[in-house]
Amino acid sequence: MENSEGVKIESTVVTEEPLISALDIALFVVIITVAYFWYFKRDKQSSPSEKKPYTIQPSSLSSIEQTSNSSFIKKLKSTGRSLVVFYGSQTGTAEEFAGRIAKEGARYKMKGMVADPEECDMADLVEMKEIQKSLAIFCIATYGEGDPTDNAMDFYEWLQNGDADLEGLNYAVFGLGNKTYEHYNEIAIYIDQRLEELGATRVHEIGLGDDDANIEDDFVSWKEKLWESVCSHYGIEETGEESNIRQYKLVDCSEVLPERIFSGEISRLKSYENQRFPFDVKNPYLSKIAVNRELHKSGDRSCMHIEFDIDGSKMRYDTGDHVAVYPKNSSELVDKIGELLNADLDAVFSLLNTDEESSKKHPFPCPCTYRTALTYYLDITSNPRTHIMKELIEYASDPKDQEKLKLMASSTPEGKKEFHEWILRDNRNIVHILEDLPSVKPDLDHLCELLPRLQCRYYPISSSPKVYPKSIHITAVLVNYTTSTNRVNKGVATNLLAQLIPTNDELPQPTIPIYIRRSQFRLPPKSQTPIIMIGPGTGLAPFRGFIQERDYARKEGREIGEMVLYFGCRKKDEDFIYENELQEYVANGTLTKLHLAFSRDQPEKKYVTHLLEQNADELWNIIGEKSGHLYVCGDARSMAKDVHSIIVKVVMEKGQMTNSQALNYVKKMEQQKRYSADVWS
């Protein structure tokens with residue numbers, strides 16, 4: 001038979017059958033039975049009566065708590081507070097400064113609270129005007145290449161994209177930055193200006209702290225003038241009452257079961273025994289050390305090539321990313337504190353926030369032993385700030401020690417000078433202070449409250465995941481130096497890493513907690529794009545990954561662009577790291593040119609910057625005529641600045657531009673990610 005379109009249709013005979021067969025019914029019964037047992041088994045496993053792991057998360061709230069407690073306005077109103085201090089912090093300094101401001105508010109009849117913008121609904125700023133004589137202060141750090149800190153990112157984007165009416169909001173901003181970086185205090189400056197644009201009232205001019213100089217001095221000077229402005233703006237007077245009130249109270253935990261005591265975990269109890277993906281700043285991965293070898297051929301300095309095993313972790317990284325390493329303090333220094341204070345380091349304790357409204361219940365994971373706190377959680381090797389000097393005064397039994405501490409805690413010119421010379425120049429840490437001022441015997445729990453958190457250390461990854469998908473490589477110089485008091489200060493992370501030497505396969509390998517931090521330091525999307533890499537010393541690290549990735553592409557048969565590397569060190573026969581690898585890449589054509597500067601192999605010192613000046617034509621050919629990319633990694637204080645000046649000069653001369661035009665050209669390169677820097681001071 002055919003249809004109207006002339007297409008032949010086959011006819012079939014259809015026999016009527018029951019809609020549901022016996023087999024269908026049997027399958028249905030089986031499915032229902034399985035679902036029934038699965039549901040009730042799951043329900044039993046998740047029963048509230050079942051004991052759950054004991055956990056304390058000092059730095060975060062659960063999603064439920066976060067939702068219900070996100071309104072800082074409600075907290076201010078319910079507790080009769082008028083001052084809120086927000087912090088944008090990557091290393092803990094901004095958070096520390098915020099706490100000090102909030103604490104001092106009591107002296108000016110302004111009860112304060114510290115708030116993490118990540119845990120707050122910042123749109124509530126529009127309601128600050130409903131609180132009489134209210135004030136919002138922002139302690140904001142600038143991180144990376146002019147980026148907000150992780151916990152301030154949402155707030156920053158809210159300011160950028162929103163148009164809230166902030167009329168009636170009184171505010172002040174203190175920025176934390178480093179002048180050796182191009183984007184000095186960029187985020188704080190933006191927030192200060194944007195708040196004013198949205199109608200808020202600036203009570204005091206922005207403060208800009210420089211971590212390359214003395215950020216403590218910058219903060220204290222700004223803070224003193226801040227309170228003068230606050231008194232003038234609100235018509236109030238200082239009460240004169242000192243605010244040495246403890247933020248945390250000591251809780252004896254000697255009866256707590258051992259399985260409920262933290263032993264170095266960052267957030268989740270037993271997280272190193274029961275590893276769970278994803279791994280991040282609060283949940284690092286306990287990685288085995290697969291390789292730890294010396295890179296220097298001779299001399300009294302050490303540079304380590306270390307490989308972290310990430311096989312099975314599900315961690316992924318990109319070439320140019322950083323790896324964060326969680327260190328621990330040396331047992332020698334920890335024991336010294338116990339000895340100086342005659343304290344039982346194995347006593348189990350907890351510090352509980354006296355402010356019940358605070359989301360931060362503990363300064364670090366609690367309960368734990370004092371030994372654990374001093375080993376894993378507290379920074380005992382950096383220079384203490386002036387507020388610690390102030391808190392130690394009451395524990396000094398010798399009048400001379402008291403006077404010295406009072407002087408260093410003061411903001412007088414003499415006090416600042418003494419603090420700079422005795423603490424900063426002589427590089428004294430808390431152990432040295434307790435040794436040199438023997439009558440100072442603080443309660444150990446109070447000292448644990450005062451000391452800042454021990455921070456992870458970031459290293460540029462010196463490998464490509466295309467070549468090493470199951471491991472992360474770093475290149476680290478061992479930090480050891482003698483101070484003017486003839487003490488040997490040691491880098492916390494590098495000295496720990498130096499001890500983690502892999503053994504044979506039969507023994508457990510040494511481990512260390514790590515996680516991956518994403519970076520904007522990236523190769524061009526197209527492998528054909530030419531690049532110039534400038535990385536003296538360990539600045540070579542990320543470029544080793546870049547070269548590996550381009551070499552991988554070449555071996556796959558893809559076209560790769562020119563790769564020019566500028567590397568420098570002291571002596572060719574001493575600290576020319578990865579020499580054989582680099583020479584091999586030159587031989588196989590992956591590395592187009594390798595420019596080397598050995599600063600101490602000849603009477604006059606020779607640096608990579610000298611070579612850059614000599615190769616102006618090559619530089620302009622790649623970054624000007626071929627629109628290539630330029631990368632700088634290493635010292636921000638001098639090398640990176642000198643490189644920037646040379647690039648501007650080359651653009652002027654070879655591109656026939658004025659100084660202003662050349663600066664704009666380089667600025668455009670940066671905006672297009674054609675000029676990238678990964679630097680440190």
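This report walks through a predicted protein model, from its overall make-up to a few individual residues.

The model is predicted, so local features need pLDDT of at least 70 and side-chain atom pairs count only at pLDDT 80 or more, while totals for chains, interfaces and linings use all residues. Residues are numbered from 1 along each chain as its sequence is written, and side-chain values use heavy atoms, with hydrogens and water left out.

## The whole protein

The protein has 22 helices and 23 strands; helices (H or I, at least four residues) and strands (E, at least two) are DSSP runs, numbered from the N terminus. Of its 681 residues, 50% count as buried. Here buried means under 20% relative accessible area, exposed means over 50%, and partly exposed lies in between, with a 1.4 Å probe and protein chains only. Among the contacts with a separation of 6 or more, 75% come from residues 24 or more positions apart; a contact means heavy atoms within 4.5 Å.

## Two open sheets

Strands pair if DSSP finds at least two bridges between them. Strand 8 and strand 12 (residues 348-353) are joined in the antiparallel sense over 5 bridges, and Lys249 stands opposite Leu352 in strand 12.

Another open sheet has 6 strands in the order 14-11-18-9-10-15, again with antiparallel pairing. Strand 14 (457-460) and strand 15 (471-477) are the edge strands, each pairing on one side only. Neighbouring strands of this sheet are turned by 40° against each other on average, direction ignored; such angles are taken between axes, lines fitted to C-alpha atoms (for helices over the stretch in contact), and run from 0 to 180 degrees between N-to-C directions. Within this sheet, strand 11 (residues 322-325) and strand 18 (residues 511-517) run antiparallel and share 4 bridges. Ala324 stands opposite Tyr515 in strand 18.

## Nonpolar cores

A nonpolar core is a set of buried Ala, Val, Leu, Ile, Met, Phe, Trp, Tyr and Cys residues joined through side-chain atoms within 4.5 Å. The largest one has 41 residues, and Phe364 and Leu374 have the most contacts inside it. Elements giving two or more residues to this core include strand 12, helix 8 (331-340), helix 11 (399-409) and helix 12 (413-425). Apart from this core lies another, of 29 residues, among them Tyr566, Leu619, Ala640 and Ala662.

Helix 12 deserves a look of its own. Its buried residues include Phe419, Trp422 and Ile423, and the buried residues of helix 12 pack against helix 10, helix 11 and helix 13. Just after helix 12, Asn427 takes a positive phi of about 55°.

## A pair of crossing helices

Helix 20 (residues 616-625) and helix 21 (residues 639-654) pack at an angle of about 85°, with their axes 10 Å apart. The two helices are therefore roughly perpendicular to each other, a label for angles of 65 to 115 degrees (under 35 is roughly parallel, over 145 roughly antiparallel, and the rest oblique). Ala616, Asp617, Leu619, Trp620 and Ile623 in helix 20 meet Ile647, Val650, Val651 and Lys654 in helix 21. By class, this contact has 7 nonpolar, no polar and 2 charged residues; Ala, Val, Leu, Ile, Met, Phe, Trp, Tyr, Cys and Pro count as nonpolar, Asp, Glu, Lys and Arg as charged, and the others, Gly among them, as polar.

## Residues in loops

| Cis peptide bond | Omega |
|---|---|
| Phe277 and Pro278 | about 5° |
| Cys366 and Pro367 | about 0° |

Pro278 lies in the loop between strand 8 and strand 9 (285-294), and Pro367 is found in the loop between strand 12 and strand 13.

Lys109 has a positive phi of about 55° although it is not a glycine. Its place is the loop between helix 4 (93-104) and strand 2 (112-115), and Lys109 counts as exposed because its relative accessibility is 66%.

Finally, Lys571 sits in the loop between strand 20 (563-569) and helix 17 (572-575). Lys571 counts as partly exposed, at 34% relative accessibility. Leaving out residues up to four places away in sequence, Lys571 touches Phe576, Phe598, Arg600 and Asp601. Lys571 and Ala597 are 26 residues apart in sequence and 8.8 Å apart in space, C-alpha to C-alpha.
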